Amino acid sequence: MKRINIISKFTGLLFLISFVLLSCSEEPVGQTATNKTPPPPLTNVKVTPTYGGAYVTYSLPDEKDISYVKCEFTYNGKTRTVRSSIYKNYLEIDGLGEPEEIELKMYVVNHSEITSVVHIEKFVPLEAPMSFILHSFRIEPAYGGVTITWENPTMIMAGISFLAADDNGTLELKDIVFSSLPFGTKKMRGFNTNKRLFAMCISDKYENVSDTFKIEVTPLYEMELDKSKFKRVPLTADQLAVSAPPVKNLHDITNSNHDNRPIEKIWDGIGNAAGEESHYTIWHTWASGWSIPLYFTIDLGIESQLTRIVVYNRSGDNGDYLYPYAQHNLRRFEVWGTNELKNTTVNPQGYQISESPYWDNNDWQADWSLLADCEIIRPSGNSPGALSTPEDIDAHIAGFEFEFRQGVPKTRYLRFIVNETWARTAALHLSEISIFGDDR
């Protein structure tokens, strides 16, 4: 027993001594240094200028103790470092906003962080990607503002600032759009018909800022129609009835209304701000008994030379974005207009109604004008049900705008033909619509 205790105590003492020694040692962290001699430098270095940068190729030395290749350069007063692994024979420089001469200092670095002698190359980058965007801007007069288009052929992530002059001529920031899409369009609205200055400038992730593109444009006149004058027009071919069809009494019909969410919800001015809505701020129809295409008709309450429509699809309860580009939201639809309703009567509730087969087939189209054939395009191009990108959500919240064809008579009544929802259902839900025109 005593021998066992002595051995146990001796073993414990050795463990304690080892622990103290290990605790007091200053072993280096990371890979153990293998060589303090500088590695050989790069050879066969070739620099090919690119748009806003360069593509650099080289040959590595025949040496096993190499960790990576390091390239340093100074731009806009800041030193940047680009590293490349030993499994590549190239590195890329980007984010240069101006075509000025750049000096590259290139090193081979071993596992001990010892660098080779420097290899220096100089080059001038090609025109920066931001310049392509800046030079591609096109601005055209639009109703209540301007239409701006641009190209981004290198598809860099660019932040585009949109500015407009106030009534005193001072430029004010109106919006910033971040996009890497090859083509872009922006509508700036809400202006009177006075000529004013519009401007755009661009920034990138490297904090480069372009020159400012400026141009004076005179917007075209338009106004948003007063939604308090809007009224439902129940026609026999439209989605009708409080419950699922068939409709038994045309004198009591209303547009299809699922769970106390009637058509009037789409012109109550609620539910389209920042994509926020509650369960009862949308119009939701029944699916049972209906089939595509779906129809609904609206009385605008005033004659107007219509210019455009903005459609706000359902966003989701509590703004959780469950519904963009999904379910019963509109995807493809037509908008027709007329200033006179034929083959209708007025029911006791004061609504125009009709039992005429004129509305059950396409005879009515001979008396109406097609104002717009619309398709809601998802910026990302993702399929229905796929996760939405930030650009998708921004577009959804902003509303989908469609300009009406011009040269048609003044219009009071709009009829919608829904040819496809995002889930290809026979129901539809819609948050809000806004109609614009010239009522003078």
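**Entry 1. Second largest pocket**

I looked up which element contributes most to the lining of the second largest pocket, and strand 2 does, with 3 residues. The model is a predicted one, in which I took local features only at pLDDT of at least 70 and side-chain atom pairs only at pLDDT 80 or more, whereas totals for chains, interfaces and linings use all residues. Residues are numbered from 1 along each chain as its sequence is written, and side-chain values use heavy atoms, with hydrogens and water left out.

Helices (H or I, at least four residues) and strands (E, at least two) are DSSP runs, numbered from the N terminus. Pockets were searched on a 1 Å grid over the protein atoms alone: a pocket is an open set of points where a 1.4 Å probe fits, with protein on both sides within 12 Å along at least five of seven lines, and lining residues have an atom within 4 Å of a point. Points are joined across faces, edges and corners, and a volume is the space filled by probe spheres set on them.

I read a volume of about 300 Å³ for the second largest pocket. Of its 21 lining residues, D94, G95, P129, I156 and Y206 are the closest to the centre. Strand 2 (53-59), strand 5 (90-93) and helix 2 (129-136) each give two or more residues to this lining. By class I noted 11 nonpolar, 6 polar and 4 charged residues; here Ala, Val, Leu, Ile, Met, Phe, Trp, Tyr, Cys and Pro count as nonpolar, Asp, Glu, Lys and Arg as charged, and the others, Gly among them, as polar.

**Entry 2. Largest pocket and helix 3**

I then turned to the largest pocket, which holds about 1300 Å³ of space. It is lined by 35 residues, and the closest to its centre are T185, K186, A395, A398 and G399. Two or more lining residues come from each of strand 11 (171-179), strand 12 (183-188), strand 18, helix 3 (390-398) and strand 23. The lining divides into 20 nonpolar, 4 polar and 11 charged residues.

Which residues of helix 3 are buried? I found E391, D392, I393 and H396, where buried means under 20% relative accessible area, exposed over 50% and partly exposed in between (1.4 Å probe, protein chains only). Their cover includes strand 11, strand 18 and strand 23. G399 follows helix 3 and has a positive phi, near 90 degrees.

**Entry 3. Nonpolar cores**

I defined a nonpolar core as a set of buried Ala, Val, Leu, Ile, Met, Phe, Trp, Tyr and Cys residues joined through side-chain atoms within 4.5 Å. The largest has 35 residues, of which I266, F296, I298, F333, F416 and I435 touch the most other members. At least two residues each come from strand 18 (294-313), strand 19 (330-338), strand 22 (369-375), strand 23 (400-403), strand 24 (411-421) and strand 25 (429-438). Strand 18 gives the most to this core, with 7 residues.

For I266, leaving aside neighbours within four places in sequence, I listed contacts (heavy atoms within 4.5 Å) with W283, F296, I298, L430, S431, E432 and I433. Another core, of 20 residues, lies apart from the largest one and includes A54, V56, I66 and L91.

**Entry 4. Aromatic pairs**

My search of the whole structure returned 14 aromatic pairs. Rings of Phe, Tyr and Trp (its six-membered ring) pair if their centres lie within 6.5 Å; planes under 30 degrees apart count as stacked, over 60 as edge-to-face and the rest as tilted.

The ring centres of Y325 and F400 are 6.1 Å apart with planes at 75 degrees, so I recorded an edge-to-face pair. Because Y325 lies in the loop between strand 18 and strand 19 and F400 in strand 23, the pair ties together parts 75 residues apart in sequence. Y325 and F400 are both buried.

Y325 also pairs with W422: the centres are 5.4 Å apart and the planes at 85 degrees, so this pair is edge-to-face. W422 is in the loop between strand 24 and strand 25, so the pair ties the Y325 loop to a part 97 residues away in sequence. Y325 counts as buried at 2% relative accessibility, and W422 does at 5%. Elsewhere I noted a cluster of F137, W150, F162 and F213, linked by ring pairs.

**Entry 5. Whole chain**

I counted 3 helices and 25 strands. Of the 440 residues, 45% count as buried. Among contacts with a separation of 6 or more, 71% join residues 24 or more positions apart.
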